[in-house]
Amino acid sequence: MFFFRALFFLVALAGLGRACAEGSGGDAPLSSLCTEKSGGVSYSNHFELPLEKYVGAVESVADLDVIRSGGFKILRIPVAWGEHLGGSPDYRIDPTFLRDVDKFVDQALARDFKVVLDLHRFDISKYSDREGEDRFSSIWKQLSSHYRTYGRGLVFELYNEPSQQISNDRLSYLYSKIVPVVRSNSPAREIVVSANRWSKVEGLKGFISPQVADVYLTVHYYAPAKFTHQGASWIAGASAWVGTKWEGSPADQKAVAQDLDLVDEWRRSNRVSGVFLGEFGVLKGADRLSRLNWIKTVRTESVSRGWCWAYWDFKAGFGAYDSSQNKWDAGVLGVLFGK
Ligand code: GLC
């Protein structure tokens, strides 16, 4: 009898530990974080790296305290789940990798971050229709079941930057199949969806989001790419863009506003709970004044529309944080939080 009581006590204690790790502050709906003071940042250059570059669990979670001290409340964690799958038909997520992510997610939730967990670096067009769909649904079936006891602090972003190779009709179909699965595991789970063309505004044409509660649309904004991505190693010809400035003239500002107006226009005929500007940023090498002006303009436009936002990224190429000096870039942090 004593043995069973002790066992029950231990199991209850383990459950309590997990519940505590989940925290509670992040449980407010994502829409309540769509304010100037509640922005977010993507924790890039780790879990979303290609398999051969992945170095294992985050050894120190000190970054999370740093990000919290910067004032951010949303932590977007890009994860290349598709790189860590076993073979067909199960496409089982590597349990060690899943544990690595868990540790980080738990620590983030314990710090009251709203955690947006995405599916990064996944290109469904690489596979046959059948295989692509199987991989996509297997990932989200496993994740929604694995995280079913987690509270609303955890948000799922179903597909980062679907390319133009996948039609919006197919995306809508994939979402319509997987959203009920996610919700059967966690009825209150908030979900973020994206249209094709790498989540750019242009991709919204003809995109229909799932018409159910607590679904958010995400858009990524990097226009003009010639300025934000100058020198980007992953874009052919981007070295010729180095030196491009962004003056922030009335015409420049109007161009940003007009682009973002298209999102609000799309929203009028689609039922979503909000818009999440899930990525925007400028590479660090760009002219400093132009960089600060652009970030400030895009952030201000986003907040004035009632959107949530997350800067790309924390401390990699677009970094708001200067890892060489171990401190925030005060200029970037300042314009992100309206100072
Ligand atoms: C996307 C890509 C990422 C890139 C960023 C900015 O999220 O996955 O690798 O750095 O956009 O271009």
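User: Which residues are around the ligand?
Analyst: Happy to start there, with the note that this is a predicted model where local features need pLDDT of at least 70, side-chain atom pairs count only at pLDDT 80 or more, and totals for chains, interfaces and linings use all residues. Residues are numbered from 1 along each chain as its sequence is written, and side-chain values use heavy atoms, with hydrogens and water left out. The residues around the ligand are His120, Asn160, Glu161, Tyr222, His229, Trp234, Glu279, Trp312 and Phe318.

User: How far is an oxygen atom of the ligand from an N or O atom in the side chain of Glu279?
Analyst: A polar contact here is a pair of N or O atoms within 3.5 Å. For the side chain of His120 the distance to a ligand oxygen is 2.8 Å, and for that of Trp312 it is 3.4 Å. For the side chain of Glu279, the value is 2.7 Å.

User: What share of the 300 Å² that the ligand exposes taken alone does the protein bury?
Analyst: Accessible areas come from the Shrake-Rupley method with a 1.4 Å probe. Against the 300 Å² of the ligand taken alone, the part buried by the protein is 77%.

User: What is the volume of the largest pocket?
Analyst: A pocket is an open set of points on a 1 Å grid over the protein atoms alone, where a 1.4 Å probe fits, with protein on both sides within 12 Å along at least five of seven lines; its lining residues have an atom within 4 Å of a point. The ligand sits in the largest pocket, meaning that more than half of its atoms lie within 2 Å of the grid points. The volume of the largest pocket is about 1,200 Å³.

User: Which of the 35 lining residues are closest to the centre of the largest pocket?
Analyst: By class, the lining has 17 nonpolar, eight polar and ten charged residues. Of the 35, the closest to the centre are Glu161, Trp198, His229, Trp234 and Glu279.

User: What is omega for the cis peptide bond that joins Trp312 and Asp313?
Analyst: Most peptide bonds are trans. A cis bond joins Ala223 and Pro224, with omega about -5°. The cis bond between Trp312 and Asp313 has an omega of about 10°.

Technical notes. A residue is near a molecule or strand if one of its heavy atoms lies within 4 Å of it. A polar contact is a pair of N or O atoms within 3.5 Å; within protein, one must be able to donate a hydrogen and the other to accept it, and residues adjacent in sequence count only if both atoms are side-chain atoms. Grid points are joined across faces, edges and corners, and a volume is the space filled by probe spheres set on the points. Ala, Val, Leu, Ile, Met, Phe, Trp, Tyr, Cys and Pro count as nonpolar, Asp, Glu, Lys and Arg as charged, and the others, Gly among them, as polar.
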